Amino acid sequence: MHTVVIGGTGHIGTYLVPALVRLGHQVTVLSRGERTPYQSDGAWRRVELIQVDRAADDAAGTFGQRVAELSPDVVIDLICFTEDSARQLADAVQGRIQHLLHCGTIWVHGPSVIVPTREDAPRRPFGDYGVQKAAIEAYLLGKARRDGLPVTIVHPGHICGPGWTPVNPAGNFDLGVFDKLAQGSDVLLPNFGLETLNPVHAADVAGVFLAAIANRSTALGESFHAVASDAVTLRGYAETVAGWFGQEARLTFASWDEWRRTVSDQDAGATRDHIEHSPNCSMDKAARLLGFRPRYSAVEAALDAIGWLVDNGKITT
């Protein structure tokens with residue numbers, strides 16, 4: 001089976017591509033060529049790497065045809081961010097492939113209402129990223145119903161893994177928060193620290209894609225979450241990370257208006273995005289239809305990434 005992975009050298013592809021090779025797929029990866037996988041694996045020697053500029057090809061209206069001309073059986077699109085881009089690819093591969101898998105995001109839901117949130121919950125996305133991803137999903141699943149497009153959508157949460165910075169217990173990406181927890185210093189959290197995050201290990205996200213391919217008949221025309229089996233509060237996350245470092249969390253709290261003045265605009269924006277969503281998504285559908293259950297809990301996924309940061313001197317203990 002020939003599988004084309006678009007954007008296959010990033011977080012998810014680091015785990016997904018070698019797994020596909022080991023399962024016997026002939027794998028072609030399309031990427032800008034600006035990044036190498038986060039972990040080395042001998043399986044990459046059997047992968048065809050093609051350098052492309054998707055944005056330029058989309059603007060020229062040629063990207064979808066470029067993919068179709070590779071004659072794939074399966075296409076996994078990890079880097080589609082606009083409905084127009086999705087339309088170009090879907091139109092080009094319609095009737096020519098067995099399975100199109102698109103990487104979405106749990107941000108399509110907007111703020112959590114009833115938790116754990118299921119895939120069929122009413123959508124209230126906000127922010128350009130969530131709105132665009134929701135539009136892509138609506139288009140692709142609509143095309144599946146109308147025209148038989150063989151598509152599956154996978155919605156990851158906050159992806160974690162060795163090699164990059166996970167979201168921290170303050171809901172942003174400031175490594176200094178981890179430094180403070182490691183050193184037993186005071187950490188200020190917004191509100192009462194009871195908003196939630198939904199981390200997931202990149203290996204588990206890859207696992208949902210693999211399970212969807214293996215269970216094609218039940219995966220077609222469906223969307224699936226790819227998160228840990230649990231969510232974690234900011235406060236609980238901070239306490240667990242501090243304990244992992246052998247410290248007791250020294251947490252203080254402030255109202256949002258007070259708290260945001262203590263951080264950069266960039267960090268405040270990231271935190272607000274996370275706490276306004278406060279995701280807590282269900283993995284029941286993936287278990288029921290695909291037989292998939294995450295290997296890592298929310299905190300285990302984050303700690304695997306934190307351990308790498310410590311080993312590489314990026315967190316001061």
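Select I76 in this predicted model and display what surrounds it: leaving out residues up to four places away in sequence, I76 touches T3, V4, V5, I6, L16, L20, L101, F209 and I213. I76 is also one of the residues with the most contacts inside the largest nonpolar core, a group of 39 residues, and V5, I12, V27, V208, F209 and L290 share that description. In soluble globular proteins, nonpolar side chains tend to be buried together.

To see which parts of the chain build this core, colour helix 1, strand 2 (26-31), strand 4 (74-77), strand 5 (99-103), helix 7, strand 11 (222-226) and helix 12 (284-290), each of which supplies at least two of its residues. The largest share, 8 residues, comes from helix 7. Apart from this core there is a second, separate one of 34 residues, which can be located by selecting A170, L197, A228 and F245, all included in it.

Next, hide everything except helix 1 (residues 11-22) and helix 7 (residues 202-214), whose axes come within 8 Å and cross at roughly 45°. Because of that angle, helix 1 counts as oblique to helix 7, and the crossing in which helix 1 passes helix 7 is right-handed. Which residues meet where these helices touch? From helix 1, show H11, I12, Y15, L16, A19 and L20, and from helix 7, show A202, A203, V205, A206, F209, L210 and I213. The residues of this contact divide into 12 nonpolar, 1 polar and no charged.

Now move to G291, which lies in the loop between helix 12 and helix 13 (298-311). Is G291 buried or exposed? With a relative accessible area of 54%, G291 is exposed, since the cut-off for that term is over 50%.

For the last stop, select D57 in helix 2 (residues 54-60). Here the relative accessible area is 11%, so D57 is buried, the limit for burial being under 20%. Which residues does D57 contact once its neighbours within four places in sequence are left aside? Show T62, F63, R66 and Q88 together with D57, and the contacts of this buried residue can be followed one after another on the screen.

Definitions and conventions. Residues numbered from 1 in each chain as written. Predicted model: local features only at pLDDT ≥ 70, side-chain atom pairs only at ≥ 80, totals over all residues. Heavy atoms only, no water. Axes fitted to C-alpha atoms, helices over the stretch in contact; angles between N-to-C directions. Helix = DSSP H or I, 4+ residues; strand = E, 2+ residues; numbered from the N terminus. Parallel < 35°, antiparallel > 145°, perpendicular 65-115°, else oblique. Left-handed = near helix turned anticlockwise from the far one by under 90°. Contact = heavy atoms within 4.5 Å. Nonpolar A, V, L, I, M, F, W, Y, C, P; charged D, E, K, R; others polar. Core = buried A, V, L, I, M, F, W, Y, C linked by side-chain atoms within 4.5 Å. Buried < 20%, exposed > 50% of the residue type's maximum accessible area, 1.4 Å probe, protein only.
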